[in-house]
Amino acid sequence: MGSRLRWAIGLYTVLAAIVVAAMYLGSLGSTTIDRAVVNALIALILVLGLSSFVGASGVFSFGHMAFMAVGAYVTAILSMSPEQKGLQLADLPGSLATWHVNPLLAVIVGALVAALFAAVVAVPLMRLSGLTASLATVALLITMRVVFQNWETFTRGTRGLILDSKAPSKEVVLVAALLVLGVAVAFRFSSIGRRLAASREDEPSARSLGIRVWWERGVAWVLSAFLVGVGGGLFALYFRNISPDSFYIAITFTVLAMLVIGGLKSVSGAVIGTLVVTAALELLRQVERGWTIAGVTIPSRLGMSELGLAVVLLLILIVRPDGLVPGELRWPGGRADRPSPSGPTVPPAVDVAEPIAVPDERAAASEVRRAP
Amino acid sequence: MTSFLQNVIDALTAGSYYALFALGIALIFGIMRLVNFAQGELIMAGAYTVYLTQDWPWALIVVATVVVVVALALLMERVAFRPVRGRSAATLLITSFAVSFFLQNLARMVFTTLPKSADITPLFRRSFVIGDLTISWLSVIAVCTTALLMVSLALFLNRTRLGVQMRAAAEDFGMARLCGVPANRVIAIAFAISGVLAGIAGLLLVGQTGSLSVTMGLTPVLFGFTAAVIGGLGSLTGAVLGGYLLGAATVFLQNILPFELGGYRDAFLFAAVFAFMALRPGGLLRAVGLEERV
């Protein structure tokens, strides 16, 4: 067993244990907390999915919640009972109107559809360089929202869909989150994941070593769309009420904030970021409802939790740009920073836990470049 | 013929708005490599200033709006963007996203999410008729104001010392600094100008719709930055060109789409933009010095 594999398994065990422990602690409260716990698990799936592309490649995507929406709508359409479809989606074509698929199967089909859609989008998108690609994903998010708002036959427009299928238990969502975590860790430690990390740190060098950056990014894009699609499907099943606005700017911001606050470059960062931000948001939501200290009533103010999240994100960006967890967690004294056995095609520096300040320094250096 | 002229007028009006939105974004991007999502919240802040001062004489409304938005733009630069200056484009993008979200939710706490309405002057609601054409005074004002702002900006950039310094900074920031261009001042001026543009845009938007909400900045910023991308990010001429092109495309789609597909207009628009970006990533006019060098 290579040291990389050992490290990956160790890392997975630690992260899974953290997630399970956090969920257990979170569940000690009442049933209203149950909802918060599932919310956190779904957020974790979304963040891990997004991190498989954004974290691994360093290219920001604002469009992933479109894949979440695809997953959610497909799951909803497949898992609703025929009677409800008659009421809400009377114009569904053919056998879609009568199908009544097992909810979990529906989630997987939904994620596959999301991945397929992502593969189609990837063909033009992966031609673009980092920043332009990020901007194009914004166009993707808006386009898809308008489509969901208008495609009455499948989405019931802005009124959204109400599901009548049985909501999955908390444990099912937890198992799904742990599976997604496994995929995310495996991907980061795979050769593709490591080649992507190399291109994230220094794209020209990576290309000069023969890494087909567009291909590696495309693979990550499709995989992350699948994972985000799973998150969308579970979201639909659990919260039972979806509309185009469920998958727009607010959730895009929350998920990106979790990712950046935790640390973009590692799966550990995605996990820690999700847990920390979720806990902070729950706390802020308590404050938001209004409360009384020493006779002074602080009135309820909507928007405070989002405001707090934005402030934390700004602080992290300014003070600790690599996030709370810059590199992967590791056992104290671990030896995983040995050069990788796959030889010189992958710069071994990528997985070193110490933050590598390459991009910043390079940006600074290129500022002092010669005039043409 | 009449309907063609009417369409031209509509396209010109929409294009003026988009060009106004795009200019602010292109200006900041040219100098800092920052795609400023928070430009939309500057527009929103301008609109709310109009709302709060709507009983004042109109000249004072304009002054107050511009002053408030410029102050906000400068504050934004000082507090959020200066600390991250020089970081990767992705970091800057996320920072502006966070600033935008912050301002939007701050407004939500102060003004709540209930939409407000403002009525500045009855002139904004009137229109006049030439032959078969109906032209609203507001589109005349919008087209003229945008043209005026563009001419002033061009004069500023070409005829004043600071303007030349700004163009130098946009072309090669590091080199410009080595030649003695004061970085902080140039960037602050760029933000101030983007504040002026956003303030005017907010004023015109309130005049056009008569209503405001805390999320009203989103659509302008999306159209603005789409226009800037089409034109070639960082190029000011490109931003203006992209703005008018987008205006023309909007009106064109409105006309050719059958009624039942009308709701999809923006989907077609942004899908076209997506395709355009894939085919011509540099935009119509490629800004000098924007290509990544190794």
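Predicted model: local features only at pLDDT ≥ 70, side-chain atom pairs only at ≥ 80, totals over all residues.
Together S2(B) and S3(B) make a hairpin, with two residues between them. One residue of that turn, B:Gly131, has a positive phi of about 60 degrees. Across the pairing, B:Phe128 faces B:Ile135 of S3(B), and B:Val129 faces B:Thr134.

I turn next to chain B as a whole. Chain B contains eleven helices and four strands. Its C-alpha trace extends over about 60 × 45 × 35 Å along the principal axes.

Helix H1(B) is made up of 31 residues. From its first C-alpha to its last, H1(B) reaches 45 Å, close to the 45 Å expected at 1.5 Å a residue. What follows H1(B)? The next residue is B:Arg33, with a positive phi near 60 degrees, although B:Arg33 is not a glycine. B:Arg33 sits in the loop that connects helix H1 (2-32) to helix H2 (39-52) of chain B. Is B:Arg33 buried or exposed? B:Arg33 counts as buried because 21 other C-beta atoms lie within 10 Å, and the cut-off for burial is 20 or more.

The loop between H1 and H2 of chain B also holds B:Asn36. B:Asn36 is buried as well, with 32 other C-beta atoms within 10 Å. Which residues does B:Asn36 contact, once its neighbours within four places in sequence are set aside? The partners are B:Ile25, B:Ile28 and B:Ser96.

Let me move to chain A. The secondary structure of chain A consists of 15 helices and four strands. Of its 372 residues, 51% count as buried. Among the chain A contacts with a separation of 6 or more, 80% are between residues 24 or more positions apart.

A:Arg240 has a phi of about 65 degrees, although it is not a glycine. The position of A:Arg240 is in the loop between helix H11 (213-239) and strand S2 (241-242) of chain A. A:Arg240 is partly exposed, because 15 other C-beta atoms lie within 10 Å and that class falls between the cut-offs of 12 or fewer for exposed and 20 or more for buried.

The largest nonpolar core has 224 residues, and the members that touch the most others are A:Leu41, A:Ile45 and A:Ala114. Leaving out residues up to four places away in sequence, A:Ile45 touches A:Ala176, A:Ala177, A:Val180, A:Leu227, A:Val230, A:Gly231 and A:Leu234. In general, nonpolar side chains of soluble globular proteins tend to be buried together.

Finally, I come to the interface. How many residues of chain A are in contact with chain B? There are 49 residues of chain A in contact with 45 residues of chain B. On the side of chain A that touches chain B, the elements giving two or more residues are helices H5 (103-125), H6 (130-150), H12 (249-262), H14 (304-319) and H15 (358-367) of chain A. Which element gives the most to that side? H6(A) does, with 15 residues. By residue class, the side of chain A that touches chain B divides into 33 nonpolar, ten polar and six charged residues.

Technical notes. Residues numbered from 1 in each chain as written. Chains lettered and ligands numbered in written order. Contact = placed C-beta atoms within 7 Å. Nonpolar A, V, L, I, M, F, W, Y, C, P; charged D, E, K, R; others polar. Pairing = 2+ DSSP bridges. Core = buried A, V, L, I, M, F, W, Y, C linked by C-beta atoms within 7 Å. Expected span 1.5 Å × (residues − 1).
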